[in-house]
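Trainee: Please take one part of this structure and go through it closely. I would like the packing around it and the criteria behind each term.

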Amino acid sequence: MANEKIQDSLTLDDARRVIDAAVAKAEEIGQPQDVAVVDAGGNLKAHVRMDTANIGSIHIAINKAYTSIAFQTQTKDLNDITRPTGDLFGLSDAHGGRLVVFAGGIPLVRDGRIVGAIGVSTGTVEQDQEVAEAGAAAF
């Protein structure tokens with residue numbers, strides 16, 4: 001039963017397009033990844049764990065996407081300010097430890113509004129960021 005009163009911030013087709021582009025980049029660089037897409041509320045819309053990607057990275061990918069939407073920024077931009085000498089040291093312990101403050105989470109923007117986010121994990125932080133950028137570019 002469809003509910004016409006509900007309007008999602010991004011569609012399943014949007015999420016699949018983002019994931020497909022991220023997976024293609026991960027395959028290109030030879031690094032299997034966990035890729036997650038969340039909606040504007042930080043709720044999981046779609047997730048893929050590529051063959052041999054780390055099981056432990058499932059929640060990290062989801063949480064990178066959540067962090068990106070929660071703070072309306074790329075997770076890489078939180079790295080320096082959350083170090084022991086940074087203004088937001090300890091932020092990664094907030095939200096029950098759900099926040100991830102290193103590269104791989106990027107907001108998804110439509111018409112100047114953040115409507116979701118992608119999170120990628122399993123590779124190096126550089127690989128995670130590269131794959132997330134490819135997914136976000138497809139949005």
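Mentor: In helix H2, the buried residues are Ser 57, Ala 61, Ile 62, Asn 63, Lys 64, Ala 65, Tyr 66, Thr 67, Ser 68 and Ile 69; buried means under 20% relative accessible area, exposed over 50%, and partly exposed in between, with a 1.4 Å probe and protein chains only. Helices (H or I, at least four residues) and strands (E, at least two) are DSSP runs, numbered from the N terminus. This is a predicted model, in which local features need pLDDT of at least 70 and side-chain atom pairs count only at pLDDT 80 or more, while totals for chains, interfaces and linings use all residues. Residues are numbered from 1 along each chain as its sequence is written, and side-chain values use heavy atoms, with hydrogens and water left out.

The buried residues of H2 pack against E1, E2, E3 and E4, and also against helix H3 (94-97) and helix H4 (125-138); contact means heavy atoms within 4.5 Å. The 15 residues of H2 should span 21 Å at 1.5 Å a residue, and the end C-alpha atoms of H2 are 21 Å apart, which agrees. The expected span is 1.5 Å times one less than the number of residues. Just after H2, Gln 72 has a positive phi of about 50°.

The sheet under discussion is open, with four antiparallel strands in the order E2-E1-E4-E3; two strands pair if DSSP finds at least two bridges between them. Strand E2 (44-49) and strand E3 (105-110) are at the edges with a single partner strand each, so one side of each has no neighbour in the sheet. On average, neighbouring strands are turned by 20° against each other, direction ignored. Strand E1 (residues 34-39) and strand E4 (residues 113-121) run antiparallel and are joined by six bridges; Val 35 has Val 120 in E4 as its bridge partner. Helix H2 (residues 57-71) touches E1, E2, E3 and E4, and its direction makes about 155° with that of E4. Axes are lines fitted to C-alpha atoms, for helices over the stretch in contact, and angles run from 0 to 180 degrees between N-to-C directions.

Asp 39 belongs to strand E1. Asp 39 is buried without a salt bridge, and the nearest side chain of opposite charge, Lys 45, is 6.1 Å away. A salt bridge needs a side-chain nitrogen of Lys or Arg within 4 Å of a carboxyl oxygen of Asp or Glu; Lys and Arg count as positive, Asp and Glu as negative, and His and the chain ends are not counted.
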